[in-house]
Amino acid sequence: MMIEAIDFRNAMSLLASAVNVVTTAGMSGRYGFTASAVCGVSDSPATLLVCMNRAASSHIHFIENKILSVNVLAEHQQHLSTAFSSKISPEERFKQAIWTELETGSPILTDALVSFDCEIEQIQEVGTHSIFICRIVAIQQSQQEQGLVYFNRVYHHVGQVEIEVVPLV
C-alpha cells in the first residue's frame, strides 16, 4: 500500500519537534533555512542529522560549504522561524538577529537555546530530501529556559519557568 503524501504530512504534523534555524557560510555564501527534521544520531562521536529539501534554493550552498550549524530556537524567536522559511533574501534573514561563530565559521545565533556547529561528513539522498550526517565540533548553550516547538501546525513553548516562592511569615 502506497502512503499518500498528504496523509504523511498530516500524520507528521502530530509529531512535536524543536524549531531550528540551520545556517551555513563559506565560499558559497551565507544561507539558512528553518527545519524541524533534525535529530541526534550518536554521542560518540557527537553526530546529528539534518534533512533538507533538495529543491530549496540554498541546498547547493550547504553542499558546497560543507559546514552547517543547527540553532535550536528559544520561545521568543518565532519571528526567526518565519523569516528563515520566507522568500526574503538571505541578507534580510540574517539581519533579524545577532550572530557569532564558533569553530567552522557557520553562523551561530547568539541567544539560541543551544547551537551545534558541525561539519557535514555524509550526504544521503532519499526521495525529495538530502540527509546531512554532521559531526558536531562545538556547542554553545544559552541561559534560555523555554524552547519553541511545532506541533499540529502551530508553535508552542515548552520548558519550565522558575517562579520564586516567598514563604509567608
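**Strands, cores and a pocket**

Reader: Over how many bridges do strand 9 and strand 10 pair?
Author: Glad you started there: strand 9 and strand 10 pair in the antiparallel sense. Strands are DSSP runs of E of at least two residues, helices are runs of H or I of at least four, and both are numbered from the N terminus. Two strands count as paired if DSSP finds at least two bridges between them, and here the number is twelve.

Reader: Before we go on, what kind of model is this?
Author: Residues are numbered from 1 along each chain as its sequence is written, and side-chain values use heavy atoms, with hydrogens and water left out. Local features need pLDDT of at least 70, side-chain atom pairs count only at pLDDT 80 or more, and totals for chains, interfaces and linings use all residues, since the model is predicted.

Reader: Which residue has a positive phi in the turn between strand 9 and strand 10?
Author: Within the pair, F116 stands opposite I139 in strand 10. F116 in strand 9 is also the bridge partner of V70, and six bridges join strand 6 to strand 9, again antiparallel. Strand 9 and strand 10 form a hairpin with two residues between them, and the residue with a positive phi of about 55° is G127.

Reader: What order do the strands of the three-stranded open sheet have?
Author: Two bridges join strand 1 to strand 11 (residues 147-151) in antiparallel fashion, with S17 partnered by Y150. Strand 11 and strand 12 pair antiparallel over five bridges, and V149 stands opposite H156 in strand 12. The edge strands, each pairing on one side only, are strand 1 (17-18) and strand 12 (154-158). The order is 1-11-12.

Reader: Which members of the largest nonpolar core touch the most other members?
Author: A nonpolar core is a set of buried Ala, Val, Leu, Ile, Met, Phe, Trp, Tyr and Cys residues joined through side-chain atoms within 4.5 Å. Strand 3 (31-35), strand 5 (46-53), strand 6 (67-72), strand 9 (114-126) and strand 10 (129-141) give two or more residues each to this core. Of its 17 residues, the ones touching the most other members are V22, V50, F62, L68 and F132.

Reader: Why does S58 count as buried?
Author: S58 lies in the loop between strand 5 and helix 2 (59-65). S58 touches Y31 and M52, not counting residues up to four places away in sequence, where contact means heavy atoms within 4.5 Å. Buried means under 20% relative accessible area, exposed over 50% and partly exposed in between, with a 1.4 Å probe and protein chains only. S58 counts as buried because its relative accessibility is 6%.

Reader: Which strand gives the most residues to the lining of the largest pocket?
Author: On a 1 Å grid over the protein atoms alone, a pocket is an open set of points, where a 1.4 Å probe fits, with protein on both sides within 12 Å along at least five of seven lines; lining residues have an atom within 4 Å of a point. The lining has 41 residues, with T34, A35, S36, A37 and H129 nearest the centre. Elements supplying at least two residues include helix 1 (5-12) and helix 3 (78-84). With five residues, the one giving the most is strand 3.

Reader: And how much space lies in that largest pocket?
Author: Grid points are joined across faces, edges and corners, and the volume is the space filled by probe spheres set on the points. For the largest pocket this comes to about 1400 Å³.
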